Amino acid sequence: MHPYVAQSFRAALVVTVLALPATVSAQVSASDTVTLNASFSYVSSITAPANLSMSLDGVNPDNYKSVDVGNLEFSLATSNTDVEAEVTKIDGTDVSTSPVDTVFVTDENNYLTLGVANDNSTKDNPGEPFWDGTEYKTVTLIDSNGSGSGGGALTSASTIAGDIGEYAETMYLYLQQVGNGPSTAITTDVVITYTVIDP
Amino acid sequence: MKTSTNHSPRRPLRWLALGRVVTIVGVTFVGAIVSSAMAQFSATDTQTVSIGYTLGNSVDAPDEQIDISLTNVAIPSTPTTDEYDITYTFATSTTDLTAEITQIDGNPVTSPVDHGLAQDASNYFTIGLADAAISSLNNGNEFLTVEVDGPNSSIFNNYGSPATHVDALKFAMTRAGTGPGDNFDKTVEITFTVANQ
């Protein structure tokens with residue numbers, strides 16, 4: 001082959017080879033992936049409703065009064081998580097084993113009590129008290145095995161129980177005079193402690 | 001004998017001189033022939049090759065698996081990962097880079113509710129891409145395609161520039177409402193795509 005012809009042929013090959021990548025690279029799209037290990041976890045938490053004042057007039061014919069105290073915000077980390085509330089201090093002092101020695105109780109049949117109601121509560125079906133004439137009580141607001149204790153301390157307790165998630169539920173507190181009520185007028189602070197717990 | 005005496009004593013010199021001339025001419029002629037033959041093998045010419053190179057679309061996302069987690073009481077409530085490089089090539093000035101969630105736990109995505117990212121339209125968590133802001137790849141109703149680098153992008157800003165680019169971004173989670181309604185722990189595949197518009 002004549003050297004010039006060979007040179008020309010080589011040049012032609014080079015041009016052809018150069019043209020091929022350009023054709024291949026003119027692809028329309030390309031993609032790649034990345035993998036995330038993503039998790040979202042509910043942990044137990046609770047935020048009590050805001051502080052408030054409530055009172056009951058001894059001449060109230062029903063001897064009963066319930067108040068919408070706002071939202072109780074809580075999250076359930078497991079399907080076995082309960083929400084409870086109890087009175088832990090009265091007038092700045094930790095509660096003892098019995099409410100008898102407080103200003104609220106005259107005797108086991110005559111006292112003023114505080115409790116958790118719901119939007120269906122009435123004088124005859126008031127809700128769950130934090131104490132009666134003889135003892136303090138822990139009120140189960142959400143029972144993972146069913147509804148709230150008694151008639152349901154929270155209106156939506158039956159639909160929340162055992163269901164992982166975060167909630168904000170309207171809560172009611174009530175005051176009720178039992179018997180003749182306390183023997184003196186009362187102006188005192190009561191601290192309610194709310195707890196989320198997986199027993 | 002005039003045999004040799006007939007010759008002028010100068011004649012041999014003339015022939016000798018003539019012979020030299022012929023020899024010189026001959027050498028010159030042969031040299032010319034050789035010179036002419038050599039010229040054929042040293043001929044030159046030029047060629048101009050116009051070389052073109054077209055950029056090809058490509059993208060390279062991080063190879064490692066990336067962990068990210070969020071709780072309902074987390075502070076900050078919008079966690080982000082470290083920065084990861086995305087290397088991509090735009091073949092043309094109208095090529096863009098997008099990202100979308102394509103699989104969760106190995107299954108092609110359908111809706112956020114089906115895969116446990118959402119309870120409903122208002123309560124869910126998102127997985128997103130973070131730069132100055134967070135661009136979510138889902139909401140409560142659907143999975144979204146995020147324009148990572150394009151005419152309306154707020155993440156990367158190389159649209160319109162055919163070249164290879166390397167930019168870093170973070171991955172993020174956010175929560176809306178009360179979250180997904182259950183714990184979530186799954187692998188999420190995000191696909192980055194470079195495509196001509």
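**Questions on a predicted two-chain model**

Reader: Why is B:Asp105 called exposed?
Author: In this predicted model, B:Asp105 has 11 other C-beta atoms within 10 Å. A residue counts as exposed if 12 or fewer such atoms lie within that distance. The value of 11 falls under this limit, so B:Asp105 is exposed.

Reader: Where is B:Asp105 found, and what is its phi?
Author: B:Asp105 belongs to the loop that links strand 4 of chain B to strand 5 (107-108). Its phi is near 50°, which is positive although the residue is not a glycine. Most residues other than glycine have a negative phi.

Reader: Is A:Asp91 buried or exposed, and how do you know?
Author: A:Asp91 has 12 C-beta neighbours inside 10 Å. The limit for an exposed residue is 12 or fewer, so A:Asp91 counts as exposed. The loop between strand 4 (82-90) and strand 5 (93-94) of chain A holds A:Asp91. Phi of A:Asp91 is near 55°, again a positive value in a residue other than glycine.

Reader: What makes B:Pro76 count as exposed?
Author: B:Pro76 has 7 C-beta neighbours inside 10 Å. With the limit at 12 or fewer, B:Pro76 therefore counts as exposed. B:Pro76 sits in the loop between strand 2 and strand 3 of chain B. Between B:Pro76 and B:Gly179 there are 103 residues in sequence and 15 Å in space, C-alpha to C-alpha.

Reader: Which elements make up each chain?
Author: Chain A contains 2 helices and 11 strands, in the order α-β-β-β-β-β-β-β-β-β-α-β-β from the N terminus. Chain B contains 1 helix and 10 strands, and its order from the N terminus is α-β-β-β-β-β-β-β-β-β-β. Of the 199 residues in chain A, 29% are buried; of the 197 residues in chain B, 25% are buried.

Reader: What share of the contacts in each chain joins residues at least 24 apart?
Author: Counting contacts between residues at least 6 apart in sequence, the share that joins residues at least 24 apart is 71% in chain A and 74% in chain B.

Reader: Why do strand 1 and strand 7 of chain B stand at the edges?
Author: The open sheet has 5 strands in the order 1-3-9-6-7 (chain B), with antiparallel pairing. Strand 1 (58-60) and strand 7 (134-136) each have a single partner strand, so each has one side without a neighbour in the sheet. From one strand to the next, the twist averages 35°.

Reader: Which parts of chain B touch chain A?
Author: The contact involves 47 residues of chain B and 30 residues of chain A. Strand 1, strand 2 (66-71), strand 6, strand 9 (164-176) and strand 10 (184-196) of chain B each supply at least two residues of that side. Strand 10 gives the most, with 13 residues. By class, the side of chain B that touches chain A has 23 nonpolar, 18 polar and 6 charged residues.

Reader: Which residues have the most contacts inside the largest nonpolar core?
Author: They are B:Ile127, B:Val148 and B:Ile190, in a core of 35 residues. Among the elements that give two or more residues to this core are strand 1 of chain A and strand 8 (146-149) of chain B. Strand 10 of chain B gives the most, with 5 residues. Leaving aside residues up to four places away in sequence, B:Val148 touches residues including B:Leu97, B:Leu129, B:Ile155 and B:Phe192. Apart from this core lies another, of 26 residues, among them A:Val83, A:Val116, A:Met171 and A:Tyr174.

Technical notes:
Residues numbered from 1 in each chain as written. Chains lettered and ligands numbered in written order. Predicted model: local features only at pLDDT ≥ 70, side-chain atom pairs only at ≥ 80, totals over all residues. Pairing = 2+ DSSP bridges. Helix = DSSP H or I, 4+ residues; strand = E, 2+ residues; numbered from the N terminus. Axes fitted to C-alpha atoms, helices over the stretch in contact; angles between N-to-C directions. Contact = placed C-beta atoms within 7 Å. Nonpolar A, V, L, I, M, F, W, Y, C, P; charged D, E, K, R; others polar. Core = buried A, V, L, I, M, F, W, Y, C linked by C-beta atoms within 7 Å. Buried ≥ 20, exposed ≤ 12 C-beta atoms within 10 Å, placed from the backbone.
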